Amino acid sequence: MIYREAGQFKTTYAADQAIFPVVQDRWVVVAAVVAAAVAVPLVATEYWLQAVLIPLLIYSLAAIGLNLLTGYAGQLSLGTGGFMAVGAYAAFKITTAFPAVNILVVFLLAGIVAAAVGLVFGIPSLRIKGFYLAVATLAAQFFLIWLFNRVAWFSNYAPSGTITAPPRTVFGVMVTGPDASAGARYLMALGFVVLFAVLAKNLVRGRIGRSWMAIRDRDIAAEIIGIRPLRTKLLAFGISSFYCGVAGAELVFLYYGSAETFAFDIALSFLVLFMVIIGGLGSILGSFLGAAFIMVVPIFLANAPHMLGVAMSTALQKQIELMIFGGLIIFFLIVEPHGLARLWQITKEKLRLWPFPH
Amino acid sequence: MILDVLHAILVAPFKDMVGAPGFLAEVLIGGVASGLMYSLVALGFVLIFKASGVFNFAQGALVLFAALTLVGLMERGVPTIVALGLTAGVMVVLALAIERVVLRPLVNQEHIILFMATIGLNFFLEGFGEMLWGANVKKLDVGIPQGSFKLGEILVNQLELTAALTAAVLVTVLAVFFHGTRIGRALRAVADDHEAALSIGIPLKTIWVIVWAVSGIVALVAGIMWGANSGVQFSLSLIALKALPVLILGGFESVPGAIVGGLIIGVGEKMGEVYWGPLVGGAIENWFAYVLALVFLLFRPQGLFGEKIIERV
Amino acid sequence: MLLRTLVIGLATAAMLTWPMAGAVLAQDKTMFIPLLVYRTGPFAPNGIPSANGFNDFFNLINERDGGINGVKLAWEECETQYKTDLGVECYERLKTRQGGAVLVNPFSTGITYQLIPKAPGDKVVIHSAGYGMTASADGRWFPWVFNFPMTYWSQASAFIKYLGQQEGGLDKLKGKKIVHIFHNSPYGKEANPTLEELAKRHGFELTLLAVDSPGQEQKATWLQVRRINPDWIYISGWGVMNQVAVKEAAAHGMKMDHVVGNWWTGTETDVVPAGDAARGYKSMTFHAPGHDFKVHQDILKHVYDKGKGAYGGDRAKVGEVLYNRTIINAMLNVEAIRTAMKKHGNKPLTGEQVRWGMENLDITEKRLEELGMKGLMRPLKVTCENHEGNGLALVQQWDGKNWKIVSDWMEPMRDVVRPKLEAAAVEEAKKLGYTMRDCSKEK
């Protein structure tokens, strides 16, 4: 009744092809973004911003990156952590070598470095497919982590091997370093993720996205009709690694403050993969939903005993958390194997008809 | 400069090997031993993948759970043989539960969904195992001789010898099982084609329970070997990551592949770390195994013994 | 179908609208210390005794003494699994609870690094006792971070000193082969620069061998060790790496009394899997081992007899190495607060006041005796410039059943370590944009 297309007539092809053809959709998304940018920093507590929202935005960006590669192009990759590490260390090196360069540009350059590395490690994908490729990308993951651990140059010869985000400003506002306020960092992360999400959405609706999906669904047939597998797959790896690289730089500069290679180990790769699969493979919205699920559920479970006033040993709490988390993953996969994005789609379809049953 | 680097990579390590043959033998034996330890874990993966097409990410957690249960029972005074039997029983019950709760509802889904479900299972088992038996490191003592003895100049570790023999026995038993018994044939049929197997009356659910139970018992054996080496604790579940290169190399569906892959990875890893590792600062084991497997994959994308991937347009 | 939708909808609503971590009203007269612990995960075997030590000592202070001068201690555990991101999340969640945290023990070098930049802004003292960023021992640059009683670099120098004692003089070390097997992480690498410096000065051959986390598989490392055939082995490990290292050392025929772990690589859990073969294994420490000190009896009487013991019924574990370490850590926290109260009065203090207390901590032999820790610990004095304090090191040895002290209290080579430390402090502080304070101006 509220959410319907009746009365919305498109008079141009452009209007018909818009990302949100239904006006209500557009309004909701715009309102959400504005609320996120304006209302949230005013209302949210520092804990909420610092420990939940900022990592949520950063992980969403990484999830979008991995979704492009795994969801749209069908190349299962477990090297996400390694590519994020490349972005982080590249950003660190660039900004410490050229402190005058704006941090926004530094992030973009770091993404480009990560993209280049992604291209190199994407080459095996031409020969190897499926789970075998996933395990091959683990080679990238472990090698990159080892490299950053081993070569002291990457951490500017710090005795501990950790990289620390130096204080940097954007338009006069401190956004990185210990003095940056959570609100400023949140807005920066939000800006990046909105921009790149829009870019990604356009990418997947266009020629490149369609060629990725063709490779994913039937790669030999795609090759026959003229889609070049080399270019397409490498492009997927490159762009996906760009996103992951920027996300990695954000992880260190906007969230952690300082990091060692442990922060980018295989657990991170799996975490982002879970986000993508729970959220929905092949869906930009799914990346956000998946990131929200993976981030919010553990924190909720960790806070639940305190909220309910139940005293439980931290060990037991953690173990139950793990069990519930694992159980929820299985539950969601049984209920909706195509992820939360599909659940959302079904909801929208139901909303279209509401209050009528069919 | 370039010549120095080339010399260091291509010549010096080999001279090193030839110069100390006793040590080379030790490295090779060490490589074989650790390779077989990896194979024990990889076998569990292979069994499940062979029969149900599921890449069981939770295999590491199964290894841990089996070892924890065994040690937990033994700590409470249950005699060793009885504990072993009881633990095997627990793994069968676990297999039943997994089939009912995880596999049956997801019967026709894509492989990646099943893979994700096993990841969820992994978390669940980790939390569950720790909750039941505690997070402390536990000593595992099922009577396996622990010391080492010298064969000439070479140091042989008795635990590794036992592990190697166990792996050999296990593989033989599994080979006989798959090729000699009726159930084994049914398993192979299911691995080939679920629907065809169903249509000739093979009960899919029973097969799956059997496969997961057998894999659970293999996990128990692996857990005993690894647990005897480092004590039973959480990190056991991380061994699964070390078994993955073995799987890629050998092929996901091949039992002999798991062994051969294990040997190649084990030996390759150790030789790489000992002879080439110092050139680049060491600790290269983690990625060396994967890179080795990757190189093999480039030449044989389905692994050494895996089924050839036939793609239809 | 309706039920399912309802359940999903309710769950989502609950998660999105839960009250945003409101601070629980502070009770009168308590001070809050968050405890970052790891009772699950790969490092749990080391984390559990550590967490229990804190709990038991704080309980002791509350039960036996009624708090510190009437102000009771409140604490809350938060599970980090030794992971940095969880540690940061725990810190952020707990720092405003119960009136605000005054002090935090991160119990992980990785988490410490993350929290160091936040400390001055949040006004929370970071006590990384015997771990963390060694450079933060220079209090002029890092007023909010303390790592007494000793840092890793000092420990490494004490280790070399011990070797000198064993070999009959530091000059006898020339030409000897020493191997450092370390966890491939910032923690593990800490000792390397100092060891390299000392290798140059005293002429011993140093080989550094990294073990990748978690260190479950160390065969290649120990093959190399066998080839080198070293005179002494130093191990900087944590978690499963410790157990495997001790086992492999024994299995490869090393002389166990020439294998020395650092103070995080020498506790009961580390020698358990190796069994008898681990006899003779040594480790560094900065306190004595044992369960028969007066403080243990107090804990058993006032905490365990009242049923509040962290180990529950398992009293035998009271007095394990890591347990002792954290009761000392907790004691240092408590004494710092007590010192601060002498200046600011017997009331719940702020982070800034506790910081002053930490900086002016002076534990005398007499005080140790009053605390029931005579012989367990040495007197300690902290100053503004030296947040490492003047702690001394000790070497203990496992005899199959217990750890026993096998050396005298050793002074680290402060003349070697301090200049490097100061240089590193300048570097690290520059990254964070700090300015140096002038200690003479403050008192």
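Predicted model: local features only at pLDDT ≥ 70, side-chain atom pairs only at ≥ 80, totals over all residues.

Let me begin with chains A and C. The contact between them involves 30 residues of chain A and 34 residues of chain C. On the chain A side, at least two residues each are supplied by helix H3 (46–72), helix H12 (284–308) and helix H13 (314–335). H13(A) provides the largest share of that side, namely five residues. In terms of class, the side of chain A that touches chain C consists of 15 nonpolar, 13 polar and two charged residues.

H3(A) also takes part in a helix pair within chain A. How do the axes of H3(A) and H11(A) cross? The axes of H3(A) and helix H11 (residues 266–279) come within 9 Å, and the crossing angle is roughly 70°. Since angles of 65 to 115 degrees count as roughly perpendicular, H3(A) and H11(A) are therefore described as roughly perpendicular to each other. H3(A) contributes residues including Tyr59(A), Ala62(A) and Leu66(A) to this contact, and H11(A) contributes, among them, Val272(A), Met275(A) and Gly279(A). The contact of H3(A) with H11(A) comprises eight nonpolar and four polar residues, with no charged residues.

I turn now to chain C. Its domain assignment gives domain 1 (28–150 + 290–381 + 424–441) and domain 2 (152–285 + 393–412). The C-alpha centres of these two domains of chain C are 27 Å apart. Where they meet, 15 residues of domain 1 are in contact with 20 residues of domain 2. Helix H2 (44–65), helix H4 (109–115) and helix H13 (321–344) of chain C each give two or more residues to the domain 1 side. H4(C) gives the most to that side, with three residues. Eight nonpolar, five polar and two charged residues make up the domain 1 side of this contact.

Finally, the sheet. Seven strands of chain C form an open, mixed sheet in the order S7-S6-S8-S9-S10-S13-S14. Its edge strands are S7 (205–211) and S14 (403–405) of chain C, and the twist averages 25° from one strand to the next. Strands S6 (residues 177–183) and S8 (residues 232–236) of chain C run parallel and are joined by five bridges. Val179(C) stands opposite Ile233(C) in S8(C). Helix H9 (residues 219–228) of chain C packs on the sheet, where it touches S6, S7 and S8 of chain C. Helix H6 (residues 152–167) of chain C lies across S8, S9, S10 and S13 of chain C, at about 130° to S10(C).

Thank you for your attention.

Technical notes:
Residues numbered from 1 in each chain as written. Chains lettered and ligands numbered in written order. Contact = placed C-beta atoms within 7 Å. Helix = DSSP H or I, 4+ residues; strand = E, 2+ residues; numbered from the N terminus. Nonpolar A, V, L, I, M, F, W, Y, C, P; charged D, E, K, R; others polar. Domains from an automatic or database assignment. Axes fitted to C-alpha atoms, helices over the stretch in contact; angles between N-to-C directions. Parallel < 35°, antiparallel > 145°, perpendicular 65-115°, else oblique. Pairing = 2+ DSSP bridges.
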